[in-house]
Amino acid sequence: MSDLDIQVPSTFDPFADANADDSGAGAKEYVHIRIQQRNGRKSLTTVQGLKKEFSYNKILKDLKKEFCCNGTVVQDPELGQVIQLQGDQRKNVSTFLVQAGIVKKENIKIHGF
């Protein structure tokens, strides 16, 4: 009998690329813009993940003035400071943050229906 050349596949780690990216974790911080349904047609828009060096109150003041809505800054134990605005302001907030130079467009995640 001839000697068969059997090639044993080397171990392949499908998560190797993901683990390599984990070394730079936190390098790409996302700003999450979400909508929360209240009651009936009422809703809230929340903005989370802005950098700590920004003044949330000043950003909130400009957002309220720009979009003619009310809002507040809420301190959450897990998420930190979160900006809440009345109504569905997701697209408005994302364009405002990009035009003001606070966040780059690729770092914004818009969630919701």
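**Reading the fold and its packing**

Guide: From the N terminus on, the elements run α-β-β-α-β-β-α-β, which amounts to three helices and five strands; helices (H or I, at least four residues) and strands (E, at least two) are DSSP runs, numbered from the N terminus. This is a predicted model, in which local features need pLDDT of at least 70 and side-chain atom pairs count only at pLDDT 80 or more, while totals for chains, interfaces and linings use all residues. Residues are numbered from 1 along each chain as its sequence is written, and side-chain values use heavy atoms, with hydrogens and water left out.

Visitor: What share of the 113 residues in the chain is buried?

Guide: Buried means under 20% relative accessible area, exposed over 50%, and partly exposed in between (1.4 Å probe, protein chains only). Buried residues make up 28% of the chain.

Visitor: Which residues have the most contacts inside the largest nonpolar core?

Guide: In soluble globular proteins, nonpolar side chains tend to be buried together. A nonpolar core is a set of buried Ala, Val, Leu, Ile, Met, Phe, Trp, Tyr and Cys residues joined through side-chain atoms within 4.5 Å. Here the largest has 18 residues, and L50, L63, I83, V93 and L97 have the most contacts inside it. At least two residues of this core come from each of β1 (31–37), α2 (56–67), β4 (80–86) and α3 (90–99). The greatest contribution is that of α2, with five residues.

Visitor: With which residues is L50 in contact, leaving aside its neighbours within four places in sequence?

Guide: Contact means heavy atoms within 4.5 Å. On that basis L50 touches V31, Y56, I59, I83, L97, I102 and V103.

Visitor: Which residues of α3 are buried?

Guide: The buried residues of α3 are R90, V93, S94, F96 and L97. They lie on the same side of α3 because they cover an arc of only 165° around the axis, the arc being that of the directions from the helix axis to the C-beta atoms. The face turned away from this buried side carries the exposed residues K91 and Q99. The buried residues of α3 pack against β1, β2 (43–48), α2, β4 and β5 (108–110). Just after α3, G101 takes a positive phi of about 80°.

Visitor: At what angle do α2 and α3 pack?

Guide: Two packed helices are described by the angle between their axes and the distance between the axes. Axes are lines fitted to C-alpha atoms, for helices over the stretch in contact, and angles run from 0 to 180 degrees between N-to-C directions. For α2 and α3 the angle is about 125°, with the axes 11 Å apart. That makes α2 oblique to α3; angles under 35 degrees count as roughly parallel, over 145 as roughly antiparallel, 65 to 115 as roughly perpendicular and the rest as oblique. Where the two helices meet, D62, L63, E66 and F67 in α2 face N92, V93 and F96 in α3 as contact partners.

Visitor: Where is C68 placed, and is C68 buried or exposed?

Guide: C68 sits in the loop between α2 and β3 (71–76). This residue is exposed, with a relative accessible area of 72%. Its phi is near 50°, a positive value in a residue other than glycine.

Visitor: How far apart are K42 and D88 in space?

Guide: Their C-alpha atoms are 8.7 Å apart, although 46 residues separate K42 and D88 in sequence. K42 belongs to the loop between β1 and β2 and counts as partly exposed at 49% relative accessibility.
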